Amino acid sequence: MTGGLGVPSRRNALAGTGALALVLLVVAPLMLSDFRLALLGKFICFAIVAVGIGIAWGRGGMLTLGQGVFFGIGGYAMAMHLKLADAELNGGSGVPDFMLLYGDGTVPGWWEPFRSPLFTLLAVVALPALLATALGLAIFKRRIKGAYFAILSQAMVAAFVVLLVGQQQTTGGTNGLNGFRSFFGYSLSDPANRLTLYYLAAGILVAAVALSAALQRSRFGELLVATRDAEERVRFLGYDPALVKTVAFALAAALAGVAGALFVPIVGIISPADIGVVPSIVFIVGVAVGGRAGLFGPVLGAIGVAWAETSLSEAFPSFWSYFQGALLIAVIALLPGGAASLVDRLRERATSPRRGASSPPAAGAAGTPAPAAAASTPADRPAEEVHP
Amino acid sequence: MDVIGSQLVAGVSIGSVLLLVAIGLSLTFGQMGVINMAHGEFIMAGAYTAYVVQQILGDAGLSLLVALPVAFAVGGALGALLEQLLVRHMYHRPLDTLLATFGVSLVLQQLARDIFGAPAVDVRTPSWLQGNVEVLGTVVPWTRLFILGVVVVAVGGLALLLTTTALGRRIRAVVLNRQLAETSGISTRATDRLTFVIGSGLAGVAGVVLTLVGSTGPTLGTGYIVDAFLVVVAGGIGQIRGAVLAAFGLGLLQAFVELSTTASIAKFLILVIVVAFLQVRPQGLFTVRTRSLA
Amino acid sequence: MSPQTVDVLGAPQDVATGLAAPVSLVVSGLRVQFGGFVAVSDASFDAHPGEVRFLIGPNGAGKTTCIDAITGLVRGTGSAKLGDDELLGRPVHRTARLGVGRTFQTASVFEEMSVLQNLDIAAGMNRRSAALLRPRRTVEPRIEAAAEQIGLAGSLEQRAGTLSHGQKQWLEIGMLLVQDARVLLLDEPVAGMSHDERTATGTLLQRIAEHRAVVVVEHDMDFMRRFATRVTVLHQGSVISEGSVAHVQADPRVQEVYLGSAATHGADPAEHEGATS
């Protein structure tokens with residue numbers, strides 16, 4: 001009933017989330033082979049990142065080109081735990097294999113906490129959120145925004161990757177971390193466990209969409225959009241826009257962290273190549289194509305683009321790069337609202353075919369005269385209409 | 001003393017490369033506010049221009065000198081094309097320009113891969129640039145000094161252009177107050193296009209020079225673009241001198257931080273320092289003073 | 001300012017609901033400098049509940065800059081007190097929290113949002129974080145009352161961007177009402193309005209001024225004459241005259257200032273008096 005802002009009604013949001021759950025949790029496992037389902041699981045991880053980007057960028061106007069950092073923190077946290085747990089299997093030394101290979105055979109101190117499953121799960125959510133909060137406060141409090149924010153977030157991911165690559169002995173360098181055998185005690189080679197993992201990822205995606213829907217409909221959601229559209233005005237209404245934006249940014253970071261943690265057991269590897277400058281922008285591509293500001297646009301866009309990439313680049317590897325580039329250019333230049341806006345436009349045309357032609361309703365307030373000339377007159381106006 | 005001398009030289013050397021890749025951006029992003037993610041690919045195009053010219057002419061020395069103006073033309077032409085087809089339609093949507101030009105950079109990279117192959121190509125260094133020279137007690141390759149020289153010429157030329165020519169005056173007028181410039185009879189369209197062409201041309205020049213110090217591959221540009229943007233952000237909008245100071249400042253910073261730690265941690269620390277610096281001066285080192293309210 | 005607990009979004013939590021006690025705005029020795037340019041050199045004026053205070057002066061006199069400084073948008077030195085609270089030196093949103101509301105020369109409402117959403121956001125600075133995380137279920141009585149007062153009660157669901165120019169200005173004033181602003185600083189509230197809209201706006205301002213201090217920056221001399229309780233005249237950054245409408249119009253310095261710039265501005269109270277009498 002609120003209307004406007006592209007927020008679907010409560011009923012539509014519920015129906016859409018339900019349909020998404022139905023497709024991902026029931027239809028897909030029935031229809032797809034194990035291989036395809038695992039692929040879909042990977043795309044679902046990207047879609048969880050996309051939900052966060054939809055909140056930060058679509059609703060909050062913060063173009064974050066650094067989601068790879070948060071995805072990476074979640075991923076590496078999980079990967080470290082899995083490596084440590086694997087090393088302890090069957091009375092092992094407790095030292096991950098690659099450390100024996102490249103390092104001095106001892107586990108660095110900052111790895112140790114990740115032996116704890118609980119600490120790892122907490123870290124997956126909390127570390128990205130905390131980093132984003134610290135960064136958000138530092139940046140937004142000083143009213144650094146727009147392109148500056150985008151560039152700083154991109155520099156952050158570049159620096160993060162450099163850091164990872166440089167620490168071969170403790171992070172696996174360019175190889176990253178891989179070769180996981182178990183996930184919290186369950187063997188990763190057992191298809192049944194892999195199916196459970198898929199369900200876990202799909203369930204988290206559905207929950208993330210539900211969270212995003214609740215956020216959009218909340219007063220905070222409205223405030224976030226208001227901050228996006230007129231930050232100064234929000235400030236004069238007594239809010240601190242920096243805090244509003246930081247909350248949204250931290251939420252997006254936490255979602256990316258969770259996605260990274262799921263990505264690790266599903267795909268079996270996390271490396272700088274998965275989280276660098278380019279993958280971080282590619283996260284954005286799906287969101288842009290699907291529709292940045294909508295509820296389902298980011299999810300469907302992320303899954304759709306990833307799916308297209310996999311199927312197209314198998315057949316024509318070089319064609320995909322052209323296609324991806326052209327798609328991004330075309331969508332951003334010609335259809336900034338993404339596919340979602342196309343759907344909206346079609347629906348509008350279908351429901352009210354002549355609406356576009358009619359003028360907006362006349363001013364509603366009683367006793368209101370016809371609207372004045374739209375052009376304001378900043379200069380002093382001669383008071384010629386005064387004469388009694 | 002030896003250590004300080006060698007880090008000083010290393011810092012200036014890093015700074016000159018930073019400035020070289022950032023100077024074009026300082027025009028297009030700094031002055032026009034257009035975030036051109038394909039700037040890195042214009043640099044890459046300049047590097048391949050050097051390669052092609054060398055394939056044609058053979059002599060490494062002659063081809064380097066010929067490649068510099070040719071690469072400026074190649075970069076400028078790419079810039080003109082991009083401005084005409086894409087950027088000019090999106091001047092009021094800077095963030096969207098960033099994404100659309102990233103799409104362009106994907107296409108250009110793949111184009112380079114299809115034309116020249118994915119592995120890096122070999123661009124020979126002219127004989128008169130081989131070898132080293134001693135500066136401040138430090139052995140410095142001639143190539144590094146050559147880069148510094150090119151940077152000085154490029155930046156000096158740009159500064160002269162901006163301060164002494166009619167075109168420069170038009171560019172600065174548009175930067176300061178677009179509407180007023182327009183009502184004063186300046187064609188902002190033509191000024192925008194020319195500014196973009198010059199900035200992109202400088203990217204091409206940077207590409208030629210970078211073949212002397214690194215490998216020439218399709219992803220050459222992506223390696224530099226992030227640093228280049230940081231330089232412009234730290235330097236401040238619309239300020240050539242800001243970019244100069246920021247480039248050498250960051251270069252020296254990196255050289256000295258590397259002393260006590262590894263290169264990768266140094267890079268990370270640099271980012272932290274830039275963010276901390278923006279806390280103090282959110283607009284960068286220098287800002288154009290305008291009375292813009294609300 | 002009494003110590004307040006601040007929640008996640010920075011909203012003070014112990015603010016009583018309903019209208020705060022009326023207080024006066026007292027500006028003294030205000031000075032604003034941009035680099036080497038002194039926009040306001042020494043401005044002193046006050047505004048009390050129960051009166052509509054007009055701030056007039058030729059272009060460049062520093063009227064808007066005064067408002068900018070009081071609201072924290074630009075840095076000013078001197079003093080601007082609302083009741084016992086010093087306003088200068090605070091961030092914009094903290095100043096707003098103390099009960100300072102302002103409008104802009106060009107109406108700035110959230111165009112994509114409905115009238116109700118606009119008012120609801122304006123009413124929200126004292127909401128707890130938990131309340132922010134829930135959707136809005138009912139229309140709060142104070143929002144309804146404000147919508148009634150600004151003549152938009154029937155258009156709550158209308159998108160603000162489709163409102164007429166005048167209605168947008170009113171919506172902005174309505175936002176200040178639900179914000180519980182104790183002083184309203186209005187920058188050219190009737191610019192671009194028709195004569196009837198001006199009258200309606202003036203009446204609205206007089207009604208609002210019963211409980212709040214109202215400062216109006218305006219170029220429209222006729223509007224000033226009809227609705228000002230007291231007037232402060234600024235020229236080149238300092239106050240040259242102050243008092244009732246009749247008093248400032250009779251002030252030779254005011255006449256000189258306006259005559260001096262009459263050729264370019266055409267809003268000369270003295271000349272106008274001559275024309276109508």
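**Entry 1. Conventions and Arg194(A)**

I take helices as DSSP runs of H or I with at least four residues, numbered from the N terminus. On that reading, I place Arg194(A) in helix α8 of chain A, which covers residues 191-217. I note at the outset that the model is predicted.

I then looked up the surroundings of Arg194(A). I find 19 C-beta neighbours inside 10 Å, and the residue therefore counts as partly exposed; the buried class would need 20 or more. Setting aside residues within four places in sequence, I list Ala38(A) and Leu188(A) as the contacts of Arg194(A). I also checked the separation of Arg194(A) from Val247(A): 53 residues along the sequence, and 34 Å in space from C-alpha to C-alpha.

**Entry 2. Chains A and C in outline**

For chain A I count 16 helices and four strands. The chain has 388 residues, of which 50% count as buried. Of its contacts with a separation of 6 or more, 78% involve residues 24 or more positions apart.

For chain C I count 12 helices and 10 strands. Of its 277 residues, 51% are buried. Among its contacts between residues at least 6 apart in sequence, I note that 65% join residues at least 24 apart.

**Entry 3. The largest nonpolar core**

I next asked which residues touch the most other members of the largest nonpolar core. They are Ala47(A), Ile48(A), Leu255(A), Ala22(B), Val231(B) and Val215(C), in a core of 295 residues. The largest share of this core comes from helix α11 of chain A (residues 241-267), with 20 residues.

I followed up Leu255(A). Not counting residues up to four places away in sequence, Leu255(A) touches Ile48(A), Val49(A), Val51(A), Gly52(A) and Ala208(A). As background, I recall that nonpolar side chains tend to be buried together in soluble globular proteins.

**Entry 4. Helices α1 and α10 of chain B**

I examined the packing of α1(B), residues 2-31, against α10(B), residues 240-260. The angle is about 145 degrees, and the axes lie 6 Å apart. I record the crossing of α1(B) and α10(B) as right-handed. By class, the residues of this contact comprise 18 nonpolar, seven polar and no charged.

**Entry 5. Helix α11 of chain B**

I looked up the length of α11(B), which runs over residues 263-280. This helix has 18 residues and spans 26 Å from its first C-alpha to its last, close to the 26 Å expected at 1.5 Å a residue.

Which residues of α11(B) are buried? I list Ala266(B), Lys267(B), Phe268(B), Ile270(B), Leu271(B), Val274(B) and Val275(B). These buried residues pack against α5 (117-141) and α6 (147-166) of chain A, and against α9 (220-235) and α10 of chain B. For reading such a list, I keep in mind that an α-helix has 3.6 residues a turn, so residues three or four places apart point the same way.

**Entry 6. Helices α5 and α6 of chain C**

I turned to α5(C), residues 141-149, and α6(C), residues 165-178. They pack at an angle of about 145 degrees, with their axes 9 Å apart. The crossing of α5(C) and α6(C) is right-handed. On the α5(C) side I find Arg142(C), Ile143(C), Ala146(C), Ala147(C) and Gln149(C), and on the α6(C) side Gly174(C), Leu177(C) and Val178(C). I class the residues of this contact as five nonpolar, two polar and one charged.

**Entry 7. Loop residues**

I located His92(B) in the loop between α3 (60-85) and α4 (94-116) of chain B. His92(B) is exposed because 8 other C-beta atoms lie within 10 Å. His92(B) and Val244(B) are 152 residues apart in sequence, and I read 28 Å between their C-alpha atoms.

I then looked up two residues with positive phi. Most residues other than glycine have a negative phi. Phe184(A) has a phi near 50 degrees and sits in the loop between β2 (182-183) and β3 (186-187) of chain A. Is Phe184(A) buried or exposed? Phe184(A) is exposed, since 12 other C-beta atoms lie within 10 Å, and the exposed class takes 12 or fewer.

For Gln236(C), I read a phi near 45 degrees, again a positive value in a residue other than glycine. Gln236(C) is in the loop between β9 (230-235) and β10 (238-243) of chain C.

Terms used. Residues numbered from 1 in each chain as written. Chains lettered and ligands numbered in written order. Predicted model: local features only at pLDDT ≥ 70, side-chain atom pairs only at ≥ 80, totals over all residues. Core = buried A, V, L, I, M, F, W, Y, C linked by C-beta atoms within 7 Å. Contact = placed C-beta atoms within 7 Å. Axes fitted to C-alpha atoms, helices over the stretch in contact; angles between N-to-C directions. Left-handed = near helix turned anticlockwise from the far one by under 90°. Nonpolar A, V, L, I, M, F, W, Y, C, P; charged D, E, K, R; others polar. Expected span 1.5 Å × (residues − 1).
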